[in-house]
Amino acid sequence: MTYSIIGTGAIGGYYGGRLMKAGREVHFLLHTDYEYVKAHGLQIDSCDGDFHLDNVRAYDSTRDMPKTDVVLVCLKSTNNHLLASMLKPIVDDDTTVVLIQNGIGLEADLQETFPQLHIVAGLAFICSGKIAPGHIDHQCYGHINLGNYSCPEEPFARLLSDLQDAGIKAAEVPYAEARWKKAVWNMPFNGMTVALNTSTDRLLKNPHTRRLIYDQMLEVIGAAQALGVTGIDPAFADEMMAMTDAMVPYSPSMKLDFDHCRPMEIPYLYSRPIAEAAKAGFAMPKLAMLEAELQFIQSKNQA
């Protein structure tokens, strides 16, 4: 299958780079890095082995890109208001779009805009950052769970196989389970690193914030269960705590957005899941308080 990467940053650069290295035809949409990558290619520094890609198919507009079988959307969800115009030139009724984004409700909103589109949720568990133009630093992890939202079985199976053939640990998980399991980590750590201006390791080393993080995880799990999501229980919070203990000190994507005075992904990461849980009669008081704090911080940043 052929691929387009919408948003060639820390995530899109890594997964797209892996696919290209494995011999797949990959087209990369870039913004500030366009001229550099077109001239110099992509450099991936990875804990699994460094590699460089020359002759990258680079574009600065989707109007110039061909239609491909699969589109990996690796933009921040704060840019999703641009998706309709960006995707229109490169998709048709047989295109599979994978939303490698954080939050709840993303697929439903995109399906409303493109009713015939084949949509898959991509939940990346990866520590990766862009450290220079065309230069990705992959520090640890890298696996991705795929939750099938509206994709036929055959193209979904081919997508999964292509990712695995590219050396990416990819697995199919039930859609709702995938989204809510990712939220178990994202909702506590993204917001707390911003609210307390710190990193993941420091949050877990302090007994007070460690307990708060754990309680927030249990709120997410409780919300998922109230919404009828299966395959997720309190033991998953213990797994996420242990996984984060083993990680290198890390600043999540929302913390990096805050540090660079960019809009934060509050709507899909906090407002939407809290509202969905409320519809099911489940309150998330600790995370609702964190959402209010983040809204206040963002209003100051944008003032």
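**Reading a predicted model, feature by feature**

Visitor: How many residues lie between E8 and E9 in their hairpin?

Guide: Two residues separate the strands, and Gly134 in the turn has a positive phi of about 65 degrees.

Visitor: Which other strands does E9 pair with?

Guide: Strand E3 (residues 42-46) runs parallel to E9 and is joined to it by four bridges; there, Ile44 has Ile136 in E9 as its bridge partner. Strand E10 (residues 170-172) also runs parallel to E9, with three bridges.

Visitor: How do I read the two faces of a strand?

Guide: In a regular strand the side chains alternate between the two faces of the sheet. A residue is buried under 20% relative accessible area, exposed over 50%, and partly exposed in between (1.4 Å probe, protein chains only). In strand E2 (residues 26-29), Val26 and Phe28 on one side and His27 and Leu29 on the other are all buried, which leaves both faces covered.

Visitor: What is the handedness of the crossover that ends in E2?

Guide: A crossover is right-handed if, with the strands pointing away from the viewer, the path from the first strand over the helix to the second runs clockwise. The β-α-β crossover from E1 through helix H1 (residues 10-21) to E2 is right-handed. Strand E1 (residues 3-6) and E2 run parallel with four bridges, and Ile5 stands opposite Phe28 in E2. E2 also runs parallel to E5, with three bridges, and Leu29 has Tyr59 in E5 as its bridge partner.

Visitor: What does the side chain of Thr62 reach?

Guide: A polar contact is a pair of N or O atoms within 3.5 Å; within protein, one must be able to donate a hydrogen and the other to accept it, and residues adjacent in sequence count only if both atoms are side-chain atoms. The side chain of Thr62 reaches the backbone oxygen of Met86 at 2.8 Å. Thr62 sits in the loop between strand E5 (57-59) and strand E6 (70-73), and counts as buried because its relative accessibility is 6%.

Visitor: Which side chain makes a polar contact with the side chain of Asp162?

Guide: That of Arg24, at 2.8 Å. Asp162 lies in helix H5 and is buried, with a relative accessible area of 8%. Apart from neighbours within four places in sequence, Asp162 is in contact with Met1, Tyr3, Leu19 and Arg24.

Visitor: How many aromatic pairs does the structure hold?

Guide: Rings of Phe, Tyr and Trp (its six-membered ring) pair if their centres lie within 6.5 Å; planes under 30 degrees apart count as stacked, over 60 as edge-to-face and the rest as tilted. The structure holds three such pairs. One of them joins Tyr149 and Tyr175 edge-to-face, at 4.9 Å centre to centre and 65 degrees between the planes. This pair links distant parts of the chain, 26 residues apart: Tyr149 is in the loop between strand E9 (135-148) and helix H5 (153-165), and Tyr175 is in helix H6 (residues 175-195).

Visitor: Where do charges sit over rings?

Guide: A charge sits over a ring if NZ of Lys or CZ of Arg is within 6 Å of the ring centre and within 35 degrees of the ring normal. Lys21 lies over the face of Phe51, at 5.5 Å from the ring centre, and Lys182 lies over that of Phe125, at 5.4 Å.

Notes:
Residues numbered from 1 in each chain as written. Predicted model: local features only at pLDDT ≥ 70, side-chain atom pairs only at ≥ 80, totals over all residues. Heavy atoms only, no water. Pairing = 2+ DSSP bridges. Contact = heavy atoms within 4.5 Å.
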